[in-house]
Amino acid sequence: MSSLSSSVARRPNADRSATIAFWAFISPALIGLTLFTLIPIGWGFLLSLSHAQNTIHFTHFVGLRNYIDLLTDEEFLRSLATIVVFAAFIVPLTYAASLGLALMVNRVATGRSFFRTVFFIPSAVSYVAASLIWRVSLFNGLSFGFANHLLSLIGLAPIVWIGTANPPWYWLVLVTVRLWLQVGFFMIIFLAGLQEIPSSLYEAAAVDGADPGWQMLRHITLPQLRNTSISVLLLSLIAAFQAFDEFYSVLGSGGSANGNISLARPPLVYLYSLALSNQDFGRGAAGGFILTGLIVAITLIQGRIVRFGEADP
Amino acid sequence: MLRSHFNHHHLCVTRRQFLRTTTAVVGGVLAGCTDSGGVPGARVTLTQWYHQYGEAGTQEAVLRYAAEYTRRYPDIAIKVVWVPGDYGTKLSTALLTAGGPDIFEDALTFPMVGASQVVPLDDLFTPEIRREFSAPDLAANTVGGKIYGVRMIDDTGLLYYRKSLLQAAGIEPPTTMDALISAAKRLSSGDRKGLFVGNDGGISALLTLAPWSAGSEFLSDNRIVFDTPRTAAAYERVRELIASGALLIGAPTDWADPSALIQGLTAMQWGGLWSYPAIYKALGDDVGVVPWPELDDQGAPVTFAGGWSQMINAQSRHIDEAKRFVRWMWLENGALAQDWALSYGFHVPPRQSIARNAAPLQSGVPAQAVRIVQQHGRLLPPIWNSAMTTALSDALTNIIQKGRPAAPEVAAAARKCERELERSLE
């Protein structure tokens with residue numbers, strides 16, 4: 001009885017101390033999140049409703065005008081079309097290449113860690129550095145560029161890879177550099193998914209006489225990788241919509257530096273130039289919200305179509 | 001036991017100790033972040049920003065000028081900040097805050113005046129000083145009749161050509177667009193192309209030069225005036241230039257760098273005066289220059305009159321001291337202004353008395369460059385902005401890369417630029 005009453009008497013203190021501990025642990029993250037994420041998002045939203053030229057104060061409220069201007073701006077709409085084309089190339093290619101690599105690395109009996117590491121290393125390379133190597137060394141338009149040298153070995157004339165719209169070879173440069181950079185990362189995700197598949201399924205299929213190649217891939221591996229595949233598709237799609245570095249580094253920044261960016265300008269490059277070169281923070285912020293809305297909408301639709309999150313069959 | 005005691009003694013930290021240490025560390029870090037900017041012994045410390053110049057010796061030079069000023073005026077210290085990377089973005093971000101520089105170099109834009117980021121400097125421009133600067137240099141720093149910047153260096157572009165290659169082919173330096181296209185074709189041979197105007201086929205370099213060479217203007221009295229048949233004709237000739245197959249495209253460096261000419265990848269190159277020391281070192285006297293050729297009889301040869309200007313932040317707490325420094329450095333002290341323009345890279349000193357008398361500008365290519373920029377130098381006024389450049393670049397891309405008719409593209413770009421102009425004037 002006495003012990004019960006003492007524990008009851010102590011509880012408020014214990015609760016208080018737990019509350020203090022909770023806030024002590026949570027507050028650094030909460031303060032950081034508020035200061036560096038929530039306030040900037042809120043501030044950005046208010047800016048997107050203002051005419052904020054060379055200022056980040058919202059003194060001149062213009063309602064939805066920045067949004068309307070952008071949604072009727074041909075250049076911005078063209079940049080959205082550009083990124084859709086880019087995603088249409090890069091997402092399926094990334095999916096196929098990373099799945100293929102993962103299947104191969106998973107089957108290697110010896111040296112699996114070595115191959116896993118080798119294929120993953122490009123993920124650690126900066127987009128800017130890789131883009132410069134692609135532009136200056138591999139795909140320069142001279143006869144001694146790597147790609148043109150390979151062409152010369154089979155008797156073909158050098159190609160101007162970057163800087164002509166017809167044919168648009170620059171897409172090859174943009175897509176291959178991102179593919180090289182990200183395929184290793186998605187391969188690791190697929191490898192983790194492959195290692196989750198119980199070996200008993202393959203054994204049972206083998207007993208039933210299934211062909212160890214295509215049949216097992218089609219009826220066991222791919223269905224078991226459904227959620228992993230959806231994650232890879234979603235992540236690579238979101239990353240494609242946020243593309244900036246390789247476009248900016250391969251095609252140039254525009255202005256007096258290099259005008260190839262007019263060939264394929266993704267929305268982030270357009271908004272960067274609008275907000276930071278032109279100092280129009282109102283339209284820049286509005287564009288950021290439009291792009292975010294678009295990514296969220298596409299992700300939700302894709303999630304609904306492929307029934308993301310449901311149990312594997 | 002001993003080990004356990006040791007661990008316990010050293011690793012167990014009381015809450016009070018933890019808080020004390022954390023507070024000290026966080027306080028230290030925050031103190032490091034906030035820079036009062038003061039220099040000991042000085043009553044006033046002025047912060048001055050430069051972008052990172054590529055030429056060797058430039059950073060030492062500006063530090064020397066700052067030290068010289070403090071020697072003369074011991075109560076004023078100049079703290080030079082040398083900014084690598086994307087200077088424009090860093091500067092414009094800093095100007096939005098109270099922590100920006102007192103003095104900085106930049107190109108004046110109309111919204112900088114609208115947002116009260118810069119101080120009018122008309123009181124520094126006495127009639128004699130005003131006469132010292134060319135009309136484009138004053139126009140580049142003038143908004144609403146007030147002068148906001150002091151030109152520090154003039155930069156310009158030139159059409160460099162290899163004299164020996166032109167002579168061997170029996171070609172005169174081109175002075176019209178017809179002659180240029182024909183020369184570019186005839187000078188192309190094997191791995192060497194006739195002309196290099198940038199890896200974008202001239203979209204950035206010729207965006208303004210081509211219409212200027214046709215006699216077109218971009219803005220006049222705050223109105224967009226480039227939507228003319230002459231502008232469309234000029235862009236169509238650029239398309240012809242690209243279609244000739246004589247342009248170098250896909251070089252490792254762009255037009256602002258002289259490597260393509262030096263390495264023999266091209267016989268002619270549009271480049272900057274700043275590249276001349278490197279070109280002279282590599283090719284000696286085997287190089288000549290002309291302005292960008294006129295489109296036809298109704299046009300005119302042109303180049304751009306660019307450069308950097310010194311401005312003062314309107315949020316500075318020491319505007320008077322900053323003005324005094326700017327006057328001493330750029331308007332009174334001719335020796336330092338000449339040293340800055342000519343001892344490291346190669347630029348034309350904006351003050352005409354200095355440019356006239358500077359020994360390195362008296363003969364050869366430099367003398368021609370000074371003449372070219374003074375006679376043919378053109379510039380876009382401060383109200384032109386990068387959104388307008390984007391609209392026009394897209395039009396030129398559609399014309400020269402996608403083969404679309406020029407007139408409707410120029411008209412569409414003009415409408416976009418008019419909307420941008422309206423926004424700017426709000």
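Predicted model: local features only at pLDDT ≥ 70, side-chain atom pairs only at ≥ 80, totals over all residues.
**Entry 1: B:F125 and B:F133.** B:F125 and B:F133 are both buried. I then took the ring geometry: the centres of B:F125 and B:F133 lie 5.7 Å apart and the planes stand at 55 degrees, so I noted the pair as tilted.

**Entry 2: A:F185 and A:F186.** I counted aromatic pairs over all chains and got 42. For A:F185 and A:F186 the ring centres are 5.2 Å apart and the planes are at 75 degrees, so this pair goes down as edge-to-face. An angle over 60 degrees is what that label needs. Next I checked accessibility. A:F185 has a relative accessible area of 38% and is partly exposed, while A:F186 has 4% and is buried.

**Entry 3: an aromatic cluster in chain A.** I asked which residues form one aromatic cluster. They are A:F86, A:F89, A:Y170, A:W171 and A:F247.

**Entry 4: helix 3 and helix 4 of chain A.** I looked at how helix 3 (residues 74–107) packs with helix 4 (residues 112–120) in chain A. The angle is about 160 degrees and the axes are 8 Å apart. I therefore recorded helix 3 and helix 4 of chain A as roughly antiparallel to each other, the cut-off for that being over 145 degrees. The crossing of helix 3 of chain A past helix 4 of chain A is right-handed.

I listed the contact residues as well. From helix 3 of chain A, A:L101, A:V105 and A:N106 meet A:R112, A:F115, A:R116 and A:F119 of helix 4 of chain A. By type, this contact has four nonpolar residues, one polar and two charged.

Note on methods
Residues numbered from 1 in each chain as written. Chains lettered and ligands numbered in written order. Heavy atoms only, no water. Phe/Tyr/Trp six-rings, centres within 6.5 Å; stacked < 30°, edge-to-face > 60°. Buried < 20%, exposed > 50% of the residue type's maximum accessible area, 1.4 Å probe, protein only. Axes fitted to C-alpha atoms, helices over the stretch in contact; angles between N-to-C directions. Helix = DSSP H or I, 4+ residues; strand = E, 2+ residues; numbered from the N terminus. Parallel < 35°, antiparallel > 145°, perpendicular 65-115°, else oblique. Left-handed = near helix turned anticlockwise from the far one by under 90°. Contact = heavy atoms within 4.5 Å. Nonpolar A, V, L, I, M, F, W, Y, C, P; charged D, E, K, R; others polar.
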